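Me: I'd like to go through this one with you, starting with the ligands and then moving to the fold. Could you keep to what can be read from the atoms?

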Amino acid sequence: MQGNIGIIWIKIAAVYIVLGIGLGIYMGVNENFALHPVHAHVNLLGWVSMALIGLIYQQFPLIAQSGLSRAQFWLHQLGLPVQMLMLTLLIQGNTAVGPVLGIADIVVGAAFLLFLVNVFRNLKA
Ligand code: HEM
Ligand code: HEM
């Protein structure tokens, strides 16, 4: 998987843009914009961030091969679906999911921290 990790990020990003746009169309058709934060983050954490990360790893294969890159991948891939599901439930009034959402937020945030460390430690001019 390591050699192609950039491609995998981009393929998963392509799935998220379809989901994000689907939700946008659903909101528009129903004239109910309550889920706009879910739509925004499916598009921005799912599509935009993942596609950018994938392109960066394609451009710089050396940093794509680090253990940090793999750990970042799994934290982001496991955290984001939980985060989006919990955010949806919270918006629908299930306040009990707040702590789980908080943990998922931190997991996704941690993925970006690993990216930061990877870029600063391993990206060379
Ligand atoms: C056909 C594609 C899309 C449709 C139909 C759509 C539809 C919508 C709708 C109905 C809203 C809610 C507006 C409101 O609350 O007043 C919205 C908000 C938003 N959309 Fe989309 N969208 C699309 C694509 C995208 C894409 C590709 C992105 C990002 C890459 C994006 C980012 C956002 C953001 C950040 C917001 C929140 C704006 C705010 O909080 O004011 N959307 N979109
Ligand atoms: C773990 C990661 C993230 C967390 C926990 C987070 C959290 C939040 C929160 C709490 C809000 C306010 C929502 C509201 O007022 O209803 C928000 C809004 C927003 N965030 Fe994020 N965010 C994250 C990542 C990102 C990223 C990576 C981007 C862009 C690439 C982004 C773009 C936005 C935008 C455009 C809005 C305003 C749109 C809206 O409210 O629908 N966020 N975010």
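Me: What does asparagine 43 do with its polar side-chain atom around ligand 1, in terms of distance?
Reply: In this predicted model, a polar side-chain atom of asparagine 43 sits 3.4 Å from a nitrogen atom of ligand 1.

Me: OK, what holds the iron atom of ligand 1 from the protein side?
Reply: His39 is the only protein donor there, and its NE2 atom is at 2.0 Å from the iron atom of ligand 1. Histidine 39 belongs to helix H2, which covers residues 36-59.

Me: Who else is around ligand 1?
Reply: The residues around ligand 1 are Ile17, Ile21, Gly24, Ile25, Met27, Phe33, His36, His39, Ala40, Asn43, Leu44 and Val48. Helix H1 (5-30) and H2 each supply at least two residues of that shell, and the largest share, 6 residues, comes from H2.

Me: How does the shell around ligand 1 split by class?
Reply: The shell around ligand 1 has 8 nonpolar and 4 polar residues, with no charged residues.

Me: Switching to ligand 2, what is the donor to its iron atom?
Reply: The iron atom of ligand 2 has a single donor from the protein, which is NE2 of His41, 2.1 Å away. Histidine 41 is in helix H2, the helix that also holds histidine 39.

Me: What about polar side-chain atoms around ligand 2, for histidine 41 and histidine 36?
Reply: For histidine 41, a polar side-chain atom lies 2.8 Å from a nitrogen atom of ligand 2, while an N or O atom in the side chain of histidine 36 is 2.9 Å from an oxygen atom of ligand 2.

Me: Which residues surround ligand 2, and which elements give two or more of them?
Reply: Ligand 2 is surrounded by His36, Pro37, Ala40, His41, Leu44, Leu45, Ser49, Gln83, Asp105 and Val108. The elements that give two or more residues to this shell are H2 and helix H5 (98-122), and H2 gives the most, with 7 residues. By class, the shell around ligand 2 divides into 5 nonpolar, 4 polar and 1 charged.

Me: Now the fold, how many helices and strands are there?
Reply: The protein chain has 5 helices and 0 strands, so named along the sequence by the pattern α-α-α-α-α. Its C-alpha atoms fill a box of roughly 50 × 30 × 25 Å along the principal axes.

Me: How does H2 pack with H4?
Reply: H2 and helix H4 (residues 67-91) pack at an angle of about 170°, with their axes 10 Å apart. Because angles over 145 degrees count as roughly antiparallel, H2 is roughly antiparallel to H4.

Me: Which residues make that contact, and of what classes?
Reply: On H2 they include Pro37, Val38, His41, Val42 and Leu45, and on H4 they include Ser69, Gln72, His76, Gln77 and Leu80. The residues of the contact of H2 with H4 divide into 11 nonpolar, 9 polar and no charged.

Notes
Residues are numbered from 1 along each chain as its sequence is written. Chains are lettered from A and ligands numbered from 1 in the order in which they are written. This is a predicted model: local features need pLDDT of at least 70, side-chain atom pairs count only at pLDDT 80 or more; totals for chains, interfaces and linings use all residues. Side-chain values use heavy atoms; hydrogens and water are left out. Donors are N, O and S atoms within 2.8 Å of the metal (3.2 Å for Na, K and Ca); water is not among the atoms, so sites may look incomplete. Helices (H or I, at least four residues) and strands (E, at least two) are DSSP runs, numbered from the N terminus. Axes are lines fitted to C-alpha atoms, for helices over the stretch in contact, and angles run from 0 to 180 degrees between N-to-C directions. Angles under 35 degrees count as roughly parallel, over 145 as roughly antiparallel, 65 to 115 as roughly perpendicular and the rest as oblique. Contact means heavy atoms within 4.5 Å. Ala, Val, Leu, Ile, Met, Phe, Trp, Tyr, Cys and Pro count as nonpolar, Asp, Glu, Lys and Arg as charged, and the others, Gly among them, as polar. A residue is near a molecule or strand if one of its heavy atoms lies within 4 Å of it. A polar contact is a pair of N or O atoms within 3.5 Å; within protein, one must be able to donate a hydrogen and the other to accept it, and residues adjacent in sequence count only if both atoms are side-chain atoms.
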